[in-house]
Amino acid sequence: MLSTIERRLSATLRDARRTAARRFFVDRQTGLWRSELAWLGVRSRDHARVTAVLEETPDTRTLVLEPPRGWVPHRPGQWTRVEIELAGVRTSRCYSLSSAPHDPELRITVKRVANGRVSGRLHTLRVGDALRISPAEGQFVLPTHPVRLLLLSGGSGITPMRSMWRALLQSDAADVVIVHHARTRADVIFAAELEALATRRGFRVVVRLDDEHARPGEGGFDVGALRTAVPDLEEREVFVCGPPAMMRRVEAMGLPRLHVERFAAMPRPAADPDATEVLVTLGGHASPGGRTIAARTDGALLDQLEAAGERPASGCRMGLCRTCSCLKRSGTVRHAISGAISDAPDEIIQLCVSVPCTDVELGPIVQHAVHAAPDERASERTLDPREKLARRSAQKVDPR
Ligand SMILES: Cc1cc2nc3c(=O)[nH]c(=O)nc-3n(C[C@H](O)[C@H](O)[C@H](O)COP(=O)(O)OP(=O)(O)OC[C@H]3O[C@@H](n4cnc5c(N)ncnc54)[C@H](O)[C@@H]3O)c2cc1C
Ligand code: FES
């Protein structure tokens, strides 16, 4: 009996050692060498190369990128997932492509967020640096047939709009109103381009500045001012991207043809008094037999796992980037945005938008260690060697 257990344990350890070795010495080194080759000018399939850095405003920069080899042109309005290594851990965020598909280079335009991990690092990139990016994705795209448009943005929400208006410049039949909101004139991203656009046939540009146009103490977006500036608003296909407060007000207008792009997750809904408690079992966990945590039926699994001390990898936190994808072995979850139910076994779910409805068993979750990296290493010193191995093999993994 004892020898059977020992045999099984030694086989499990051997597999874990092989997996860890592959992840550390093959996957990681492949990524490293790819980025080095990209830096040397050899075009890689998944790394873009920075060819210029443009200062747009005091806190916003555009990275002009040579696309990866075999890049499939994006549709105007789509985004790419940018992945960088922070404290030894691959971390990803979404950025809209601010260039048009016909442009020879790709562009992303990044506003530096206070204490933001990825935006801060992207602001340190220099010409020649390599950046891992995913193929373009997203449904916030310019219609293929000509329509009357309103591109409505606030702050860095103008980035997908630039891709759209540059694509529209190719067409003779454009009928576009661009309404952009910024705090001050110095904060207007693409200010010179907006000025030039205003002189083009088929384009009308309205820039609203909080410090000049808004009443003191009120945010810049004002429904009445928008209706006055764009009287035929209801007849236009409206694309909106901006700060959450502005998006909420626009959505409340009930516009018939509204397309929305969010850069940040919606605030969490209030706790449901009728919510019940369920159990979530984490497969592949370092603890013997996995770890089971108590969760509620009114919150996303990602938030609840984090609250329980786990650090699942995450990016957008709104079901877009798939960084938090995980195998659901059993149980039922509800999609927090669409309401879709996943009750079949062995389905891939996104932890950030999956709310448990019953007990749930998950496969191994990819872990993040960004904020806790130094402490993590310190606490690892006290771990059993097997636990160290399992913990490390769960970390530092490309989630795709
Ligand atoms: C589809 C899409 C397209 C996007 N396009 C663009 C674009 O074109 N341009 C652009 O600039 N952005 C864009 N974004 C936003 C972008 O993806 C990032 O969310 C943004 O750059 C901030 O990332 P960060 O890593 O710098 O910030 P994070 O490190 O994620 O921090 C975000 C905020 O949380 C706070 N914070 C972080 N960690 C903690 C903690 N442990 N405790 C408390 N607070 C914390 C930070 O101070 C900061 O205020 C887009 C997002 C999406 C989903
Ligand atoms: S964090 Fe992006 S899909 Fe969940």
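Two strands pair if DSSP finds at least two bridges between them. Helices (H or I, at least four residues) and strands (E, at least two) are DSSP runs, numbered from the N terminus.

The structure is a predicted model, in which local features need pLDDT of at least 70 and side-chain atom pairs count only at pLDDT 80 or more, while totals for chains, interfaces and linings use all residues. Residues are numbered from 1 along each chain as its sequence is written, and chains are lettered from A and ligands numbered from 1 in the order in which they are written.

**Exercise 1. Decide whether Ala 344 is buried or exposed.**

Step 1. A residue is buried if 20 or more other C-beta atoms lie within 10 Å of its own, exposed if 12 or fewer, and partly exposed in between, with C-beta atoms placed from the backbone.

Step 2. Ala 344 has 9 C-beta neighbours inside 10 Å, so Ala 344 is exposed.

Step 3. Ala 344 lies in the loop between strand S16 (341–342) and S17. Its C-alpha is 7.0 Å from that of Ser 330, at a sequence separation of 14 residues.

**Exercise 2. Describe strand S4 and its link to S3.**

Step 1. S4 spans residues 89–96, and seven of its eight residues are buried.

Step 2. S3 (residues 79–86) runs antiparallel to S4, with eight bridges between them. Arg 81 is opposite Cys 94 of S4, and Val 82 is opposite Arg 93.

Step 3. The two strands form a hairpin with two residues between them, and Ala 87 in its turn has a positive phi of about 50°.

Step 4. Both belong to an open sheet of six strands with antiparallel pairing, in the order S4-S3-S6-S1-S2-S5. S4 and S5 are its edge strands, each pairing on one side only.

**Exercise 3. Find which residues have the most contacts inside the largest nonpolar core.**

Step 1. A nonpolar core is a set of buried Ala, Val, Leu, Ile, Met, Phe, Trp, Tyr and Cys residues joined through C-beta atoms within 7 Å.

Step 2. The largest such core has 33 residues, and Leu 151, Leu 152, Met 164, Trp 165, Val 176, Ile 178 and Phe 239 have the most contacts inside it. Elements that each supply at least two of its residues include strand S7 (148–154) and helix H3 (159–168).

**Exercise 4. Characterise the shell around ligand 1.**

Step 1. A residue is near the ligand if its C-beta atom, placed from the backbone, lies within 6 Å of it. Of the 22 residues around ligand 1, the nearest are Asn 115, Gly 116, Val 118, Ser 119 and Thr 159.

Step 2. S4, strand S5 (106–111) and helix H2 (117–122) each give two or more residues to this shell.

How values were computed:
Ala, Val, Leu, Ile, Met, Phe, Trp, Tyr, Cys and Pro count as nonpolar, Asp, Glu, Lys and Arg as charged, and the others, Gly among them, as polar.
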